[in-house]
Amino acid sequence: MMNIFRRKIGVKVGAWFLLVALLPLATLTIIILNNTRKALIVEITAHLNDLLHEKTERIELYVDEQRRGLFALASVPSVTRAAEQLYCGQRNQELPEHSSVSTIDAEAEVYLRKTMQQAGYHDIFLIAPDGDIVYSVTKEDDLGTNLYHGPYRDSGLAHVFDKAASLLDSQISSFSFYPPSKKPAAFIATPIFGDNKLLGVIAVQLNEEQLFYIFADYLGLGESGELVASRVSGDNIVAAAPLRHRPDALGRKLLQKTAANSRPIQLAVSGQQGAGVTLDYRGVPIIGAWGYVPSMDWGLVVKIDKDEALAPIHRQMVLLAVIAAVIMVLVVGGIFLAAGSITRPIKQLVAVMQHFANGDFRARAPVGADDEVGSLVAHFNDMADTIEQYTFTMEQEVAQRTQELQQAKSFLDKAQSIAHLGSWQWDIVYNKLSWSDEIYRIFGLQPQQFAATYEAFLDAIHPDDRVLVTEAVNKSLETDIPYLVSHRVVRPDGSIRVVEERGDLQRDAAGQPVFMLGTVLDVTEIRNVQRRLNEYVDIIDENVLTSATDIEGNITYVSDAFCRASGYNRDELLGRNHRIIRHPEMPKELYERLWKTILGGAIWKGVFKNTTKDGGSYWVESTISPTYDASGNITGFTAIHNDITDKKRIEEISITDELTGLFNRRHFNEIFPEELQRARRDEKKFAFLMIDVDNFKKYNDTYGHQMGDHVLRQVGSTLKQALMRSGDFAFRLGGEEFGAIIIVKREEDAVLVADRIRATIEALRIPHEKNSPSQYVTISCGLKCVATDRHRGDDVEAVYRMADTALYQAKADGRNRVAVYLEG
Amino acid sequence: MKRTVFIVGILVLLVAAFFVARRQQSPVPVRVGILHSRTGTMAMSEQPVIDATLFAIEELNRRGGVLGRPVEPIIADGGSDPDQFALAAERLIDVDKVSVIFGCWTSASRKEVGAVVEKRNHLLVYPLQYEGVEQSSAIVYMGSVPNQQIKPAVKWAMDNLGRRFFLIGSDYIFPRIANHVISDLADLLGGAVVAERYQPLGGKDFDAIAEEIAALRPAVVFNTLNGDSNIAFFAALQRHGLGSADIPVLSFSITETELQAMSEVLPKGAMAGHYASWSYFESLPGVENRSFLQRFRARYGVGRRLNDPMVSAYEGVQLWAQSVAEAASIEPIKVRHAFSRQSMNGPGGIIYIDDQSHHAWKTSRIGRSTGDGMFEIVWDSQQPVRPEPFPSFDERGHWQELVDRYYQRWDNHWAPVVEGAR
């Protein structure tokens, strides 16, 4: 019900109208009607009051008339005389008996009769003081009876006679049924005085018409109104006169005379007066006025039925109600119409809007009147146009976007396929797993085959890995840390793929886990590759010397082979600086150059001699390259070392004279040109010494080859020691022939060096008896200082020849000396 | 919705304010005068009437007063002196601005006050039975007139006690006129007045009278003595051995109150068997009387006696209130008019103010003292008797003349002027 109130404008407006307009109007109307009703009641009451007074007056007037009449009658001499006669007759029995029915003077009789006719009396009585009815004109049964103890002692006549006798004044009775006359009768009586005594009472039987005529006058009493006269009779209140609506009511009981006087006749008959709206003796609501009529000892009520009295009001009310109803209907109808004129276009608009809301953007509402609603509709239409346009544009864009999206999706798909990386989303709440196409491919499943739940997923993975995966997932769910787990997948065809699965938990705003997003990467090939790689790495590790250091040269990795070669355990190496394997023979400059190079980001290739833990050595050919971080900064170095110890040995052997340990001729042939060129390049003075052991053959012959070898070895070592500088070389060129290359600043220096060598050998004091220069072993040296000017190219051959020539000279000169080549 | 509530609230407030405003008009009291003898020889009789009047006003106020206004009684003392009564009446009207005077007992006081209210177009409500022969438009006579009080009593006495009457009364207008009525009646009916004696008001010497009564042996003594003269009279009778069985006395001025006062002085049972004629006796049956007695005694005390004047005074206030209501005014002139046909059911039965004469239709009753301060009813007229201020045996003019003659005889007073006997 209330919903209608809220939802319909017509009802709302109607209700408001009712409240604001009709309600006050209705209230006003009710108040007016009420006041009118009250005023009407007041008026009617006043009118009835007046009527009551009028009727009372008329009754009193009637009574007064009767009294006067009777009083006059009682004063008429003939009547008085007649009474006297009767009185005497009764007393003295002087007159002839007529069995108590006495006669009176004819004159009196005539007079009485005439009076009776004129006044309309039914009868005239003369009653003796003792109560005997001694005379009656009509001569009914009552004549001759006694009113104190006769048959009619309870009649009105009896009562009125007694009162008149007691109060010595005229008295009137009410109407009541009088048996002798067989009809209702009322009596009026007055005492007759004469002869200084109360002669008796003259009474008159009244006809009711005159009095009741007052009651029959219903003027001003409408249809239901009546005059009710009532008197007390024993315990009852009886009607004292006929009622309009009950003509036979005379003498009949109307109400009980109870103590609780509330009905008008009860009040009136007890002397109270009043007027107003109340219930009458029938219990019917009436408007009435009531009062007491003392001369009759009556209560008198003038009343009209309330319904009849207020009929005009009721009619008015009905009329007003009808009019009001009609107006209401018209007005409410009008309101609804008016409201309708507003709501109809609104409803139309609503309908169109619904179409609109359902997606039909072409829907437009018809613009009705040019009022606010019409304006609303017009604007709606404009808005609809805009929306439609916009929608169209949007749709186009959406189509485009969709297409782009499709492309992107297929691209992604392709990418996933290429990368063998699938993506998935697990709706934790509903346990729905959605996989990208690639995952299906990886798992070898068709979407139809897959139940798309977490459990189905677990089924697809290798039984042995299920626990692992489950634990990883659960841990991630607990800790919120994305998981990475590697597991195997068993495809339907039985083949096994290895995948790397990642998952990341997504929570909603309330912190509840809702999704897990993740990827599956088919790493089977990679793993294979990795495995092979690992295998290779192992082999390499096993066989190849590799090491890695940080940027300061602290070892971060060494291969097994490296460890073996270096003689250290891995833990003895890790963390230590690489220089621990440096061999002291290696010139520092080499490492300086190495570090400079590699720190500069270049790769160093070099040959190093390294020390083993136990002091041994080994040669490696190392390639050291820097390693970079993502920013291009050098983070360290890796080196791969080729163990060339053997090669070196071989090399050494190949260039070393076994006996002396000096470079051999071969090496000389290699080195000499190189050194010569280098000296030229560096513009350094270069001296070549050709050294020959004096009379070596003789020695050999004397002392033996073994001793001869020993001498050669000594010469060799002497040469080595004298030529410690880098750039200086010592060779054994032949049997007892040695060579040396030395870099000098001046020729004189070379001579000095050569001489020192000669002296040193001599100082060895190796006995050589057959040596001509000395007893001891000596050498002869030929020296050629090579000019190293570039443009003057002394080539190798020349230099050698020149040195040789100088040697010949030295030998010729007596041996055990240094001879310098001279031009010339 | 809030707006509606607001509007309705405003309306309610307005209506309430309107009603409050109406109520706030505190009604101005209506002043009424109560003028009786609070001092002097009449005080004993008149004080109870003041009480009854006040009681009536109290009950009236409890019912809302008149025209929505409370009634405020202003009590004045007539001092048992007619001149004082007149002055007091003037003061009540001119100074206290009363709307009505309830008061007077003696005819003298009534005549004096009557003149005052007539001149000022005011209103006197007179509660006592009196001699009649008066019909002032400014007075409403609540008490019985001779045809209601004296005529039936005389007829009854004639029928039941005997035909020889001894008349004794205080010397002022009421007994004089009353005795005239009795005499006329006696003539009419064949009775005989054996003696007619008067004592000055307040007189206490009744031995001579008692002797005379003893000598004449009337069938009944009609007593119109007033005030405490009654005590002396009955005491004298007692002394002369004249009991009610011998010579019954029918008094017209002795009520239950007087009986009570007399019983304090006279020997017990002294009053038993004597008669009185009133409209109201305390012993009357009926719901109205029972309720009235109960209410009055609840207010004034259990032992209080009620009598005819008190009840008439009580009824007078009520009828005045009804008249005011009908006239819708407290103006005496309008109220006087409205008194016509006012009626009520009083403790003594129906009271109806005759519109011609402004006298009251009342039931007549004769009671016999039972010796315990109460009267038993021996005769009841059963219905209200029409008041005839001017007894019908003679012309009105005759009675008026009679009254005037006495007035003149007494130097324009209503009682012979006796030095120091007031």
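## Chain B

In chain B, 73% of the contacts between residues at least 6 apart in sequence join residues at least 24 apart. Two residues are in contact if their C-beta atoms, placed from the backbone, lie within 7 Å. This is a predicted model: local features need pLDDT of at least 70, side-chain atom pairs count only at pLDDT 80 or more, and totals for chains, interfaces and linings use all residues. Residues are numbered from 1 along each chain as its sequence is written, while chains are lettered from A and ligands numbered from 1 in the order in which they are written.

Chain B has 13 helices and 15 strands. Helices (H or I, at least four residues) and strands (E, at least two) are DSSP runs, numbered from the N terminus. Of its 422 residues, 54% are buried. Buried means that 20 or more other C-beta atoms lie within 10 Å of the residue's own, with C-beta atoms placed from the backbone.

## Chain A

Chain A holds 23 helices and 27 strands. Buried residues make up 33% of its 824 residues. Among its contacts between residues at least 6 apart in sequence, 53% join residues at least 24 apart.

The average pLDDT (the predictor's confidence in each residue, from 0 to 100) of chain A is 84, and 96% of the residues score at least 70. Residues 93–101 of chain A stay under 50, and the model has eight contacts for them beyond four places in sequence. Where pLDDT is low, the predicted coordinates should not be read in detail.

## A five-strand sheet in chain A

Five strands of chain A form an open, mixed sheet, in the order S24-S25-S23-S26-S27. Strands pair if DSSP finds at least two bridges between them. Strand S24 (729–732) and strand S27 (818–820) of chain A are the edges, each pairing on one side only. Neighbouring strands are turned by 20 degrees against each other on average, direction ignored.

Strands S23 (685–693) and S26 (779–786) of chain A run antiparallel, joined by eight bridges. Asp692(A) has Ser780(A) as its bridge partner in S26(A). Helix H19 (665–682) of chain A packs on the sheet, touching S23, S24, S25 and S26 of chain A. Helix H23 (796–812) of chain A also packs on the sheet, touching S23, S26 and S27 of chain A.

## Where the chains meet

The contact takes 19 residues from chain A and 25 residues from chain B. On the chain A side, helix H5 (156–167), strand S6 (197–206) and strand S11 (285–293) each supply at least two residues.

Notes
Buried ≥ 20, exposed ≤ 12 C-beta atoms within 10 Å, placed from the backbone. Axes fitted to C-alpha atoms, helices over the stretch in contact; angles between N-to-C directions.
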